Amino acid sequence: MSEGLALPERVRASLARAVGERGVQARVVSTQRRGSMRPPTAHILVAAPAGRVEDVRGPARVARRLEVYRTPHGPVVRLALSIYPEGREPLSAATLLNVAQVSGDAALAGLTRQSKLHVHFYRAEGGELAYAFSKELSNAPRQREEAREILRTAREAFRQTPQERRSFRRAVAAAAPRFELPVPLPEEQG
C-alpha cells in the first residue's frame, strides 16, 4: 500500500488543519469496495508533523486502548494508541467514535471482525497532508471480543439515554477529563 487511502480532499484539509491547530490527530474510517457484499473494514489514520511521523517509521511497539465512557448525554467511544519507536518519544493520538452515527458504529463494528488493523500515517506540512507509510497491526481474538463488548455497551447506553439529553458534544465534554495519553505498554500497566 504505497499511496495510503484515497481520502476525500475535505478530509485531507480538515486533518491537516487540525494538526496545525492541535497537534497529532487520529481518525477511524471504514472502507468498502464498490458493490462488495463484505462488511466495511476499519482503518486508523494518524496525521502529525513530518518529523514526528518519520520518528515512528520502522520497528516500533504499539499500545492501543479502546474505551467507552457513559455520560448523562450518551456514550463516547475512544480509541487511543501510542507508538513507541526505539530510543525516541512515543507518538500518541486518540479518536472518538459516535455510535449514534452510521460511520462511527460501522468503524467500531469493523474492529469486532478484523484480524488485522491498518494504521496509515500522514505528514502534515504547510496545510497539506501527504501519505507517509502504513503499519499492519494484529487485532487478536481478545481485542475483537473487547470491541464487541464496547460496541454492545455503547449501543445500550445510547438507547438508555433519553432523546432530549442526547448530545455527543456534551458527552465528549463530560468524558474528556478522564482521557489519558500516552497509552502504556502492556508490561508497564499495573
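Which residues of H1 are buried? This note takes that question as its starting point and then moves through the structure, which is a predicted model.

1. Helix H1. The buried residues of H1 are Arg 12, Leu 15, Ala 16, Ala 18 and Val 19. Viewed down the helix axis, these buried residues fall within an arc of 160°, so they line one face of H1. An α-helix has 3.6 residues a turn, so residues three or four places apart point the same way. The face of H1 turned away from the buried side carries exposed residues, namely Glu 9, Arg 10, Gly 20, Glu 21 and Arg 22.

2. Surroundings and dimensions of H1. Gly 23 follows H1 and has a positive phi, near 90°.

3. The largest nonpolar core. This core has 29 residues, of which Ile 44, Leu 66, Val 77, Leu 108 and Phe 121 touch the most other members. Two or more residues are given to this core by each of E2, strand E4 (74-85), strand E5 (91-97), helix H3 (102-113), E6, E7 and helix H4 (141-160). Apart from this core lies another, of eleven residues, including Leu 7, Leu 15, Tyr 122 and Ala 124. In soluble globular proteins, nonpolar side chains tend to be buried together.

4. Contacts of Ile 44. Setting aside residues up to four places away in sequence, Ile 44 touches Arg 27, Val 28, Leu 79, Leu 81, Leu 117, His 118, Val 119 and His 120.

5. Strand E4 and its partners. Strand E3 (residues 60-71) pairs with E4 in the antiparallel sense over twelve bridges, and the two form a hairpin with two residues between them. Within this pairing, Leu 66 has Leu 79 of E4 as its bridge partner. E4 also pairs with E5 in the antiparallel sense, over seven bridges. Ser 82 stands opposite Ser 92 in E5. The hairpin of E4 and E5 has five residues between the strands, and Gly 87 in the turn has a positive phi of about 75°.

6. His 43. This residue belongs to strand E2. Is His 43 buried or exposed? With a relative accessible area of 6%, His 43 lies under the 20% limit and therefore counts as buried. The side chains of His 43 and His 120 are joined by a polar contact of 2.9 Å. Not counting residues up to four places away in sequence, His 43 touches Leu 5, Arg 27, Val 28, Val 29, Thr 31, His 118 and His 120.

7. Gln 114. The loop between H3 and E6 contains Gln 114. Its relative accessible area is 10%, so Gln 114 is buried. The side chain of Gln 114 reaches the backbone oxygen of Lys 116 at 3.0 Å. Leaving aside neighbours within four places in sequence, the contacts of Gln 114 are with Pro 40, Thr 41, Ala 42, Asn 139 and Arg 144.

8. H3 is mostly covered, nine of its twelve residues being buried. The buried residues are Gly 104, Asp 105, Ala 106, Ala 107, Leu 108, Ala 109, Gly 110, Leu 111 and Thr 112. At 1.5 Å a residue, the twelve residues of H3 should span 16 Å, and the separation of 17 Å between the end C-alpha atoms agrees. Ser 103, which is found in H3, has a relative accessibility of 52% and so counts as exposed. The C-alpha atoms of Ser 103 and Val 68 are separated by 17 Å, the two residues being 35 residues apart along the chain.

9. A cis peptide bond. The peptide bond from Leu 181 to Pro 182 is cis, with omega near 0°. Pro 182 is found in the segment after helix H5 (168-175).

Definitions and conventions. Residues are numbered from 1 along each chain as its sequence is written. This is a predicted model: local features need pLDDT of at least 70, side-chain atom pairs count only at pLDDT 80 or more; totals for chains, interfaces and linings use all residues. Side-chain values use heavy atoms; hydrogens and water are left out. Buried means under 20% relative accessible area, exposed over 50%, partly exposed in between (1.4 Å probe, protein chains only). Helices (H or I, at least four residues) and strands (E, at least two) are DSSP runs, numbered from the N terminus. The arc is that of the directions from the helix axis to the C-beta atoms. A nonpolar core is a set of buried Ala, Val, Leu, Ile, Met, Phe, Trp, Tyr and Cys residues joined through side-chain atoms within 4.5 Å. Contact means heavy atoms within 4.5 Å. Two strands pair if DSSP finds at least two bridges between them. A polar contact is a pair of N or O atoms within 3.5 Å; within protein, one must be able to donate a hydrogen and the other to accept it, and residues adjacent in sequence count only if both atoms are side-chain atoms. The expected span of a helix is 1.5 Å times one less than its number of residues.
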